[in-house]
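Please examine the sequence and the model shown below.

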Amino acid sequence: MDGSRKKKWVAWAVAAAIFVVLMLVTPAIPQDEAYHDFADQRTLFLGIPNTLNVISNIPFFFVGVTGLILCHYKNYFRLSSQGELWSWTLFFAGVTAVGFGSSYYHLNPNDATLVWDRLPMTIAFTSVMAIFIIERVDERAGAKSLAPLVITGALSIMYWRHFDDLRPYAVVQFVPCIALPVMAIVIPPMYTHSSYWLWAAGFYLLAKVEEAADKPIYNWTHQIVSGHTLKHLCAAMVPVFLALMLAKRTIEPERVSLLQKWKISWVTVRERRSKDSITVDVDCNYAAVSNTTSEQ
């Protein structure tokens, strides 16, 4: 086994060990039944219960289907490997399925229907993890990690339903939320327009804030719209930005991380300000000398 493969196996082993330790030392997290008690439970038209929470999932369907089509139509996204193609296909398939699964859940919110809301999301989360490994770490390793990651996500849902314990699902959902922005900033990208990952992460963070503030937002807007409805709309912007990134990006000629680019920009700005300051001082001194000479 060569050094690089050994490092990959060690990394996976360490991740698995950390997960096992967390499962041993942390208490189980049962599903809170109050989670299903959303602020906006109005039936506004067509007899659809929880109307706005249901129809606000429609953007997921359209964005997901568009992404799927562009992944395969004349290779519009210019995906360079089968690993990338399968990973992005599963991502947009997960997004499309969220449109159905989340709508189905919100028609009758309970633990049984919540499975079909969370399962597509885990497919999307885990596919993105594989994409990042392909683009930022190792193409072959990322392609091989796709199936295990997606299966792990599905197993976390099954574990929750069988044992009423959200810990594995929480790892699947929140580890990417932390790891992906860090990787997007620190690790040099294969493609241009990598800042779109940060826009996507920002909208997802905003969606989680709106979800947590479901009832306060509903009250602040005088019962017009709830935080959960806005959460759906903001979360749907994540695949929108990623689709835009795919459409615009090209191969990065010089693989430089965003962090390094920011450092270079900061140094450039400081040097420019320093030069401007020196120029101002010289002009002031010249003006002072000129005034003194004219007075004499």
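Is H193 buried, partly exposed or exposed? With a relative accessible area of 31%, H193 is partly exposed, where buried means under 20% relative accessible area, exposed over 50% and partly exposed in between, for a 1.4 Å probe and protein chains only. This is a predicted model, in which local features need pLDDT of at least 70 and side-chain atom pairs count only at pLDDT 80 or more, whereas totals for chains, interfaces and linings use all residues. Residues are numbered from 1 along each chain as its sequence is written, and side-chain values use heavy atoms, with hydrogens and water left out.

The protein chain contains eleven helices and zero strands; helices (H or I, at least four residues) and strands (E, at least two) are DSSP runs, numbered from the N terminus. Of its 296 residues, 41% count as buried. Among the contacts with a separation of 6 or more, 73% join residues 24 or more positions apart, a contact being heavy atoms within 4.5 Å.

The backbone at H193 deserves attention. H193 lies in the loop between helix 7 and helix 8, and its phi is positive, about 60°, although H193 is not a glycine. Most residues other than glycine have a negative phi. Q223 also has a positive phi, near 60°, and is placed in the loop between helix 9 (214-220) and helix 10. Q223 counts as partly exposed, at 36% relative accessibility.

Another loop residue is I251, found between helix 10 (227-248) and helix 11 (258-295). I251 is exposed, with a relative accessible area of 52%. Leaving aside residues up to four places away in sequence, I251 touches M190, Y191 and T192. The C-alpha atoms of I251 and Y191 are separated by 4.5 Å, although the two residues are 60 residues apart along the chain.

M190, Y191 and T192 also belong to the lining of the largest cavity, together with E135, R136, P189, S194, W197, M245 and R249. On a 1 Å grid over the protein atoms alone, a cavity is a set of points where a 1.4 Å probe fits but cannot get out, and a pocket is an open set with protein on both sides within 12 Å along at least five of seven lines; lining residues have an atom within 4 Å of a point. Grid points are joined across faces, edges and corners, and a volume is the space filled by probe spheres set on the points. The largest cavity holds about 40 Å³ of space, and its lining has five nonpolar, two polar and three charged residues. Here Ala, Val, Leu, Ile, Met, Phe, Trp, Tyr, Cys and Pro count as nonpolar, Asp, Glu, Lys and Arg as charged, and the others, Gly among them, as polar.

The second largest pocket contains about 640 Å³ of space. It is lined by 31 residues, of which F125, C177, A200, Y204 and V238 are the closest to its centre. Helix 8 gives the most to this lining, with seven residues. By class, the lining has 25 nonpolar, three polar and three charged residues.

Finally, T152, G153, S156, I157 and Y159 in helix 6 meet R167, P168, Y169 and V172 in helix 7. The residues of this contact divide into five nonpolar, three polar and one charged.
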